[in-house]
Amino acid sequence: RLMAGEIEPAEYYENPVMTKSGEERLIAWHNTVLRDEAGNIFGTLSSGEDITERKQAEEALKESEEKYRNVVEHAHEAIVVIQDEKLKFFNPSTVELTGYSLEELASLSLAEFVHPDDRAAGFERQQRRLGGEEVPPVEVMRIIDKQGNVKWVENNSILITWEGNPATLHFVNDVTERKRAEEALDDGPRETFRH
């Protein structure tokens, strides 16, 4: 059909072949059309490469990425990657926690979320962590959401590489209610016991 001009030549295609032992292997074919001096096709030169393992690895990676994506997207805690004081990655729970849309989050700097009284200490910890220093991974701090509400969060962070450069990965939980309960206990009436 190729030589009769019924089909266009394909420089590359993949198809399974069956081996003598009955195993199916996936072959990637690289083809060149052979023409005579008049330009007529008289044959093809094809070279096949067994890509079975590569395809299986790609499928396994795709499946693994899908599993991790589902975990991250459905996590109740905010998951954030911070690099150069910008949010480079965040999950839907980050939108819920901050009140900002996906587009807004992508354009805002980290300083715009952190409570002014916690910015200096948070920035210092971030710089020390990026510098490779041992920094306690968990900190409790305040953020300000889009509506101006102050929220207490527990921020658990580690140093990672993101797109070839140092960054930090943060798992952030809203602990505002817990903090209020602790403050209420601290401010509550005290009983004195006598012997």
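Which residue in β2 stands opposite Asn 15? In this predicted model, in which residues are numbered from 1 along each chain as its sequence is written, local features need pLDDT of at least 70 and side-chain atom pairs count only at pLDDT 80 or more, whereas totals for chains, interfaces and linings use all residues. Side-chain values use heavy atoms, with hydrogens and water left out.

The residue opposite Asn 15 is Ile 27 in β2, and β1 and β2 pair in the antiparallel sense over 7 bridges. Strands (E, at least two residues) and helices (H or I, at least four residues) are DSSP runs numbered from the N terminus, and two strands are taken to pair if DSSP finds at least two bridges between them. Strand β2 (residues 24-35) also pairs with strand β3 (residues 41-50), in the antiparallel sense and over 9 bridges, with Leu 34 standing opposite Gly 43 in β3. The two strands β2 and β3 form a hairpin with 5 residues between them, and Gly 39 in the turn has a positive phi of about 90°.

Together these strands make an open sheet of 3 strands in the order β1-β2-β3, with antiparallel pairing. Because β1 (12-18) and β3 stand at the edges with a single partner strand each, one side of each is left without a neighbour in the sheet. Neighbouring strands of this sheet are turned by 40° against each other on average, direction ignored. Helix α1 (residues 52-74) packs on the sheet and touches β1, β2 and β3, its direction making about 120° with that of β2; axes here are lines fitted to C-alpha atoms, for helices over the stretch in contact, and angles run from 0 to 180 degrees between N-to-C directions.

A further open sheet is formed by 5 strands in the order β5-β4-β8-β7-β6, again with antiparallel pairing. Its edge strands are β5 and β6, each of which pairs on one side only. Within this sheet, strand β7 (residues 150-162) and strand β8 (residues 165-174) pair in the antiparallel sense over 10 bridges, and the bridge partner of Ser 157 in β8 is His 170. Helix α4 (residues 116-130) lies across β4, β6, β7 and β8, running at about 135° to β8.

The largest nonpolar core has 16 residues, of which Leu 87, Leu 97, Leu 105, Phe 113 and Val 153 touch the most other members. Such a core is a set of buried Ala, Val, Leu, Ile, Met, Phe, Trp, Tyr and Cys residues joined through side-chain atoms within 4.5 Å, where buried means under 20% relative accessible area, exposed over 50% and partly exposed in between (1.4 Å probe, protein chains only). The elements that give two or more residues to this core are β4 (78-83), β5 (86-90) and β6 (138-144), and β4 gives the most, with 3 residues. A second, separate core of 6 residues includes Ala 75, Ile 79, Ala 167 and Leu 169.

Leaving aside neighbours within four places in sequence, Leu 97 is in contact (heavy atoms within 4.5 Å) with residues including Ala 78, Ile 143, Val 153 and Val 172. Lys 86, placed in strand β5, is partly exposed, with a relative accessible area of 33%. With the neighbours within four places in sequence again left aside, Lys 86 is in contact with Val 81, Ser 107, Leu 108 and Ser 109. Lys 86 and Ala 106 are 20 residues apart in sequence and 7.6 Å apart in space, C-alpha to C-alpha.
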